[in-house]
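Subject: Structure handover

Hello,

Here is the structure I said I would pass on. Please look it over with the notes below.

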Protein chains: 2
Amino acid sequence: MDNELKPMDAEQLREHAHKMVDFIADYYKTIEDFPVLSQVQPGYLRNLLPESAPLNPESLQSVLDDVQKKIFPGVTHWQSPSYFAYYPSNSSIAGFLGEMLSAAFNVIGFSWITSPAATELEMIVLDWLAKLLQLPDDFLSSGKGGGVIQGTASEAVLVVLLAARDRALRRFGKDSLKKLVVYASDQTHSALQKACQIGGIHPENCRLLKADFSTNYALSPDVLSEELSHDTASGLIPFFLCATVGTTSSTAVDPLPELGNIAKRYEMWFHIDAAYAGSACICPEYRQYINGVEEANSFNMNLHKWFLTNFDCSTLWVKDRHALIQSLSTNPEFLKNKASQTEMVVDYKDWQIPLGRRFRSLKVWMVLRLYGIENLQKYIRNHIKLAEHFEALVCEDPRFEIVTPRIFALVCFRLLPHKNEDGGNKLNQSLLDAVNASGNMFISHTVLSGKYILRFAVGAPLTEENHINAAWKLLQAEASALLAN
Amino acid sequence: MDNELKPMDAEQLREHAHKMVDFIADYYKTIEDFPVLSQVQPGYLRNLLPESAPLNPESLQSVLDDVQKKIFPGVTHWQSPSYFAYYPSNSSIAGFLGEMLSAAFNVIGFSWITSPAATELEMIVLDWLAKLLQLPDDFLSSGKGGGVIQGTASEAVLVVLLAARDRALRRFGKDSLKKLVVYASDQTHSALQKACQIGGIHPENCRLLKADFSTNYALSPDVLSEELSHDTASGLIPFFLCATVGTTSSTAVDPLPELGNIAKRYEMWFHIDAAYAGSACICPEYRQYINGVEEANSFNMNLHKWFLTNFDCSTLWVKDRHALIQSLSTNPEFLKNKASQTEMVVDYKDWQIPLGRRFRSLKVWMVLRLYGIENLQKYIRNHIKLAEHFEALVCEDPRFEIVTPRIFALVCFRLLPHKNEDGGNKLNQSLLDAVNASGNMFISHTVLSGKYILRFAVGAPLTEENHINAAWKLLQAEASALLAN
C-alpha cells in the first residue's frame, strides 16, 4: 500500500481483493495438504510476531506471506474433507459470496430504516425456510410470530429464555425469580445452562434430567412429569422446557409431541433446539423428527452447521414476537424514526442481545438461490449416506462397536475394551489422540453413561467416499498398533 | 451454477468470487449515485421476491441483477461519503480483505484447539491495541487480564455486568440480587439498561443519573456521591459504575479520575465505554480523554465504528479475566481437550455470550499492518478537521447554533427557533426530514434537555471536504425554504 491512505478506493479494492480471491482459491485447492487439526504448541505465535503494531504500512504481499508461514500452521481446517469433529461448519461458494457482499455494504441493520432491505430480506428468507421445514403458519412473519437470524444457538436459547422468564415474572410477580424452574435432559447443549446463569435463574432450578441408553439418550416424558409434580408441589414454578432434535453428543431426538403436551399443561415456554439436525428436516423423509413442533413457542436451527451458510447464521422462529420484544427492546431518542414510531416495520434490534447486526440474510438468500432446494436435499442425503457407509465399515470390524443408533450423519462408536482396565476409556482416548496427531483427520469425543466414545460427524462440503475410507483405514491401523502394545 | 452441486470447488470459487469483486468495486465506484438514506416504503421487497425458495439453482448473474434492481434501493449506504448519521461504520480494503479470509477459513474458534491461530492472534493484536492506547499493563494478556473481541459494545457491557453481578453475589449471597445497584449518567448508551434487564437487575436499581448542560452532559461526581450515600444508607449494594468517553448523543466525556476514585471507595466494578471515542485516543493529543483508565476494571472500544475495521469488532479489555470466566464458562464433555484441561491456553468461549466465534482478529491485524499507526492517526485527525470545518460553517450562519462543544468528529447543532412554536423542535425535525428525503445526505438527531438537535457525525472513509460543503449548502437551502413558509 502506498503511503497516502485511501482506505476505500474502488480500484485499489478491486486489485487487492482479486489478489485475495486467488489466495483463497489456492487455499481450497491445496487444503488436503495441511494437517486437519493444527499441531502447534500453546503460545507458538507470540514469538513469530512483533511486540507492537507497525508505525508504517506494510504490503499486502508481506501480510499474505505471513498468513501462509505463520497463520496456516495454527489453523484447524474445518473445511478440510477429512474434518469429522464436533459438528461441521459449512462454507460454500454461495455463502462466501454472501459474506463478501455483506462486508461490502457494511450496514448496521439495527432498525428497519438503517437498511430496509436487510430487515425485509431477512423476514422473507426466514419465511422461505419456515415453509421448507413445514413449520406451522404461526411462525411466519405474516401473523404474530416470525423468524430472525441470531449469531449462534446459544444466543437463540438465551433470548427465548429471557422472553419466557419475563413473561413468568409479569404473571407471578418480579420476586418470583428464584422460584422459576427450567427443564431439559442432561444431553441438552451447555448453552442452556449458560443462558440460565446469564438470566439469573437459580442454578439449583436448572433441571437437567438424566437421559440414558434406555431412551437412546432422549428425555423421558415420564421422568419429566414426575419432576414437575414434585416441583409444583414444592411451590416452584416451571416456566421453560427445552427439547433437542439432534443432541450434541449423539444426535438424540427428544419426543416432541409428548413433551409439547406436558409443556402446554404446565404453561411452560417450549423451545426446540434443532441446531444440528434441523437441516436434515428439509428432506421429506426426515421431516418426521420435528413432528410436534406445532406446540413449540420457538424453534432454532443453525444454517452455519450443515446448510452451506458460512458462520454465523442461527435461525430462530417464535410464535409470539411481542414476548421477545418486551424483554429486549430499548428505545433511546437517538434511534427514534418515523417508520419505527408508527410500528409499520420490524426493528430486529429488539429481537436480539446486541444492538448492531450484519446483513446476514444475503448469504442465506444466495445459498437458497444458487443451489436450490433439490440440491440442498441431495447434499444432506449424500452426507447421511456417507455416514451409513462409515457405520457399515465399523460394523464389519469386530474390534469396534457402534454405541448409539445412527440417525443423521454422526456415528458414535468405540474400540471394544481390550484388557478390562477402565472399560476401554483410556484405549479410546489414545486412539483419538493418535489419529488426530497424524494430521490426516480430526474427530472428537463424548462420554455417554461413563463410556468414552468417538464421534465421527460427516458434513464438510468437500468430503467424499475416499475420505471416509481413508479415515477408517487410519482408525483401524492405529487401533491395531494400540492393541499390539 | 450447473446442476451438479460442487459447493466448494476451488475453481468455481475463483471464478465466481472474481465476479463478485468486480461487482463490489463497481458499487464503490458509483456509491455517490445512490440516495444515502434508502427511500423505499415499508414492505417494498415482499412483492419483488417469490413466495418460496427455488427448487432449482439460479445463475450468479441473475442473483447479482436482483441485488442491483431489488436490494440496492433498500440499502442505506453507510459507506457513502455523505453519510453523517448515528456514528460511522467503517469499511476499508484491509478490513474487507480480513473478512474475506475469515469467511474462507470459516473456523469456529470457541476453544484454542479449534484453531490456535484464531485465539493467539486475537491475544496479540489486543495487546498491540492496548499499548497503542497506553492502557495500563494490567490489561495485557501477560498478567491476570487481557483483551477479547466481542461483537458489539452491548455484548461488552453485558459480559462485564454479569462478571460484576456474580462477584457481588459471591460476596453478599445469592439472595442479594435485588439489592444490587448500577450507576451511570442518563447519557449512557441504552445497551447498559438492556444488560441490566438481561442480567435480572431490578429495573428500579438502574440509576441513570441526570446529566445536563452544566457539565456538558457528563456525569457529575457530586450527583453520583449523593446517590451512593443515599442508597447505601437504605441497605442497597452499589456494584457497577459505567462511565462513557464520547456519549452517543453528544460525545460527552465522563470525568474518569473522579469516578474511578468513587468506584474504588465503594468497591464497584468500573467499566469504561469508549465505543466511539476510543479510536481518537490513539492520537497523543486525544489520549487525555481516557486519563483515569488506570482505575477501571474494564475498557471497551469499537473498532467497527471509526477504526477502519468492518463490523463487527468491539474490543474489550479486563483486568481480571477470571471474573469473566467464572460467570461465563461451561465445560461440557464434548468440548474437553488436553490443552484446555491443563490450563495452558485461553478458551475465548468463556469470555463471551455465544459459544462459537469468528476469526475476527485477522481483520484487525490486516488493518494495523496494511495502514500502520501513523496513517491511522492521520485518518482520525482528518475527520476531526473536517468536523471543525463543518462547525465553522455553522457558526458563520446566524440562523443556526452549535448546541454542545465539539470534542471529536460529531457536531451537535440546530436551527434557532423561528416563531417560538415549541422551541424550534418541529422546525429542526422538518429540516432533518427534508435533507434526508433528498437522498443527498443522511444525518440523525437526538434530544438534549428537551431540545431536538441535529447530529452531524463525520467519519465515513470516503468523506472529503467537498462532501461537507455540499451537505452544509443543502442544510442551508432547506432551512431557507422552511423559514420562508
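The notes that follow take the interface between the chains, then the salt bridges, then single residues and backbone geometry.

Please keep in mind throughout that this is a predicted model.

**Interface**

The size of an interface is often given as the accessible area lost when the parts come together. For chain B and chain A that area is about 14100 Å², and carbon and sulfur atoms give 66% of it. B:M8, B:F334 and B:R369 supply 6% of the area that chain B buries against chain A, which is more than any other three residues give. In terms of contacts, 152 residues of chain B meet 152 residues of chain A.

Between the two chains there are 75 residue pairs in polar contact, both residues being at pLDDT 80 or more. On the side of chain B that touches chain A, α1(B) gives the most, with 18 residues. That side of chain B divides into 78 nonpolar, 42 polar and 32 charged residues. The count of salt bridges between chain B and chain A is 20.

**Salt bridges**

Over all chains the count is 64 salt bridges.

B:R46 and A:D127 form a salt bridge through their side chains, with 3.0 Å from N to O. This pair crosses between chains: B:R46 is in the loop between α1 (10–29) and α2 (60–71) of chain B, and A:D127 is in helix α4 (residues 116–132) of chain A.

A:R369 has a salt bridge with B:D66, where the closest N and O atoms are 2.6 Å apart. Here too the pair crosses between chains, from helix α12 (residues 361–396) of chain A, which holds A:R369, to helix α2 of chain B, which holds B:D66. Both partners fall under the 20% limit for buried: A:R369 has a relative accessible area of 6%, and B:D66 has one of 9%. A:R369 also forms a salt bridge with B:E58, the closest N and O atoms being 2.7 Å apart.

Within chain B, the side chains of B:R207 and B:D231 meet in a salt bridge of 2.8 Å, N to O. This pair links distant parts of the chain, 24 residues apart: B:R207 is in strand β3 (residues 206–209) and B:D231 is in helix α7 (residues 221–233) of chain B. B:R207 and B:D231 are buried.

Salt bridges that share partners also make one network out of A:E99, A:D312, A:R358, A:R360, A:K363, B:E99, B:D312, B:R358, B:R360 and B:K363.

**Single residues**

The UniProt record, an unreviewed entry, places the feature "modified residue: N6-(pyridoxal phosphate)lysine" at A:K305. A:K305 is in helix α9 (residues 303–306) of chain A. Its relative accessibility is 17%, so A:K305 counts as buried. Not counting residues up to four places away in sequence, A:K305 touches A:Y87, A:P88, A:S89, A:N90, A:A275 and A:Y276.

B:H383 is in helix α12 (residues 361–396) of chain B, and at 1% relative accessibility B:H383 counts as buried. Leaving aside neighbours within four places in sequence, B:H383 is in contact with B:W306, B:A409, B:V458, B:G459 and B:A460.

**Backbone geometry**

Where are the cis peptide bonds? One joins A:F311 and A:D312, with omega about 5°, and another runs from B:F311 to B:D312, with omega near 5°. A:D312 lies in the loop between α9 and β7 (314–318) of chain A, and B:D312 is in the loop between α9 (303–306) and β7 (314–318) of chain B. A:D312 and B:D312 are also among the members of the salt-bridge network.

A:Y217 is not a glycine but has a positive phi of about 65°. A:Y217 lies in the loop between β3 (206–209) and α7 (221–233) of chain A and is buried, with a relative accessible area of 4%. A:T251, again not a glycine, has a positive phi of about 55°. A:T251 is in the loop between β4 (237–244) and α8 (256–265) of chain A, and at 0% relative accessibility A:T251 counts as buried.

Regards

Conventions. Residues numbered from 1 in each chain as written. Chains lettered and ligands numbered in written order. Predicted model: local features only at pLDDT ≥ 70, side-chain atom pairs only at ≥ 80, totals over all residues. Heavy atoms only, no water. Salt bridge = Lys/Arg side-chain N within 4 Å of Asp/Glu carboxyl O. Helix = DSSP H or I, 4+ residues; strand = E, 2+ residues; numbered from the N terminus. Buried < 20%, exposed > 50% of the residue type's maximum accessible area, 1.4 Å probe, protein only. UniProt positions renumbered as here; feature names shortened; annotations may be inferred. Contact = heavy atoms within 4.5 Å. Buried area = accessible area lost by both parts, 1.4 Å probe. Polar contact = N/O pair within 3.5 Å; in protein donor to acceptor, adjacent residues only side chain to side chain. Nonpolar A, V, L, I, M, F, W, Y, C, P; charged D, E, K, R; others polar.
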